[in-house]
Protein chains: 2
Amino acid sequence: MKIQIVKNAGFCYGVKRAHNMSQKAIEKSNGINVYSLGDLINNKQVIGKLEEKGLKVITNIDNLNESSSLIIRAHGIAKEIQEKIKNKNINFFDATCPYVKIPQKAVEKYNKLGYFIIIVGDKGHPEIIGIQSYAEKNNFVVCKNKDELPIQKIVNAKKIAVVSQTTLSLSILKKIVLELLPLTQELVVINSICDATDIRQKETEELAKKVDLMIIIGGRHSANTTRLYEISLNFTKSYHIETIKDIKNEWFNKDMFVGISAGASTPKNIIDEVYNYIKNLAKLK
Amino acid sequence: MKIQIVKNAGFCYGVKRAHNMSQKAIEKSNGINVYSLGDLINNKQVIGKLEEKGLKVITNIDNLNESSSLIIRAHGIAKEIQEKIKNKNINFFDATCPYVKIPQKAVEKYNKLGYFIIIVGDKGHPEIIGIQSYAEKNNFVVCKNKDELPIQKIVNAKKIAVVSQTTLSLSILKKIVLELLPLTQELVVINSICDATDIRQKETEELAKKVDLMIIIGGRHSANTTRLYEISLNFTKSYHIETIKDIKNEWFNKDMFVGISAGASTPKNIIDEVYNYIKNLAKLK
């Protein structure tokens, strides 16, 4: 059996940064809980380890006060919650990925300038909830692809600004832009697709084209991992797993070429575990 | 023989406006010359008729003074000449097409805001010369299609603004936008393609698909007429003529379905003359 891991599999810059920030905050807290509003990153195993050290994941900030330490998750949070945190004088560490700040700031700017805002991404995803909070209530729409574009609203808007989830595939953004171009007088496109996502997707596609089987590692709720899995499925048999516990031995046989890729929230140790597990399996088969 | 004229052939809004403005200016001038800096519109025959009434086409404004009347052509002129005209206190009528003002203003705005400017159109065309004059010398490029994009300059520009000649085809603009999207963080597209151009092009394509022969009427130097001719050529035998003098009788035979289209600077009387000429020819054949 031959096994190959995608070069840029796993932790991206923003996730690494959030992980480091939370570790430092926990170290400094001297045993007092450090809070994270929602999951810090989209990986149960990583969160589990941080929780053992003193991280506490909460769903609202009502019970926090000036003596509490709060980490803002990599995906970012809504503007109104960020303001509440500031007003309550809570001690906070902003681990919002700098790449997520780009569409947040752009939405704030272009909403003020009177542009209608189109946010391309997954409705209800934490990153999108954060981004859309920077637009006025009736001045934006979230859509997943060009078929969800609200043509009537667009035709009435002379100026449109488009931002995207950082993990979006470029091809979806391209299709939306082509659809909008004839309908509006001025179109601003903020290309907030993260390079790391794009590179990881391309590498995953390349490897999927060569191998007999792809193993995609990442959280079940991780949008970017799911996208890797979808891309991979176009080219070869593929499985989306969280850890080695999800692996079924019968997927493999000794003449196989197996590829491994992993989402941006998957730590190196989990990738290594999967690699070693399959390698050992190869010896047995 | 069957003959059909494209519904929106001939004079567009901007040309009609410039033509009306010049006629009024000539009427008011009481026999004193009214000047036009370059051809008012791209049609020799129309210019000829206006010259008979008192219009004088000039190539520079050096000899004009406060008592002179000047019409600014439909294509617009360069910013520095417009300023010279104002400084010399020349009495001027601005017949610049309102649709041409859109890319002019956009280039001025986004150049000031630090965006690199891409002007899509024909290098050296009067409209483009006017538009590019609103950008700083080294902060813009004019290109005809995506193959002419200066990739090196683009990669170094984080923010890019794209404007187009009003007569551009949307498909060229779409290709350029797709090429730029992955290369920049913020892309502003001013869709300054005039509806009339687009509608005329579509109608010409539709008719060209149905007929045996297309006659495209318009000035030899008219970019939009040339484009109609190119579109038409993709589907059927086509000829670009200025007037009935360019028609060769052997092009036609009695069983033919003939289509007629005309550029934005072609007046109704020339289109009617061509229609009647071919109709009479049909009776003879």
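**Exercise 1.** Find the residue that stands opposite A:Gln4 in β12(A), and describe the strand pairing around A:Gln4.

*Solution.* Step 1: A:Gln4 stands opposite A:Gly259 in β12(A); strands are DSSP runs (E, at least two residues) and helices likewise (H or I, at least four), numbered from the N terminus. The model is predicted, with local features needing pLDDT of at least 70, side-chain atom pairs pLDDT 80 or more, and totals for chains, interfaces and linings using all residues. Residues are numbered from 1 along each chain as written, chains are lettered from A and ligands numbered from 1 in written order, and side-chain values use heavy atoms without hydrogens or water.

Step 2: β1(A) and β12 (residues 257-262) of chain A pair in the parallel sense over four bridges; pairing requires at least two DSSP bridges between two strands.

**Exercise 2.** Give the strand order of the open sheet in chain A and identify its edges.

*Solution.* Step 1: The order is β1-β12-β10-β11, with parallel pairing.

Step 2: β1 (2-5) and β11 (237-241) of chain A each have a single partner strand, so one side of each lacks a neighbour in the sheet.

Step 3: Neighbouring strands are turned by 20° against each other on average, direction ignored.

**Exercise 3.** Which strands of chain A does helix α10 touch?

*Solution.* Step 1: α10 (residues 268-284) of chain A packs on the sheet, touching β1, β10, β11 and β12 of chain A; contact means heavy atoms within 4.5 Å.

Step 2: The direction of α10 makes about 165° with that of β12(A) (axes are fitted to C-alpha atoms, for helices over the stretch in contact; angles run from 0 to 180 degrees between N-to-C directions).
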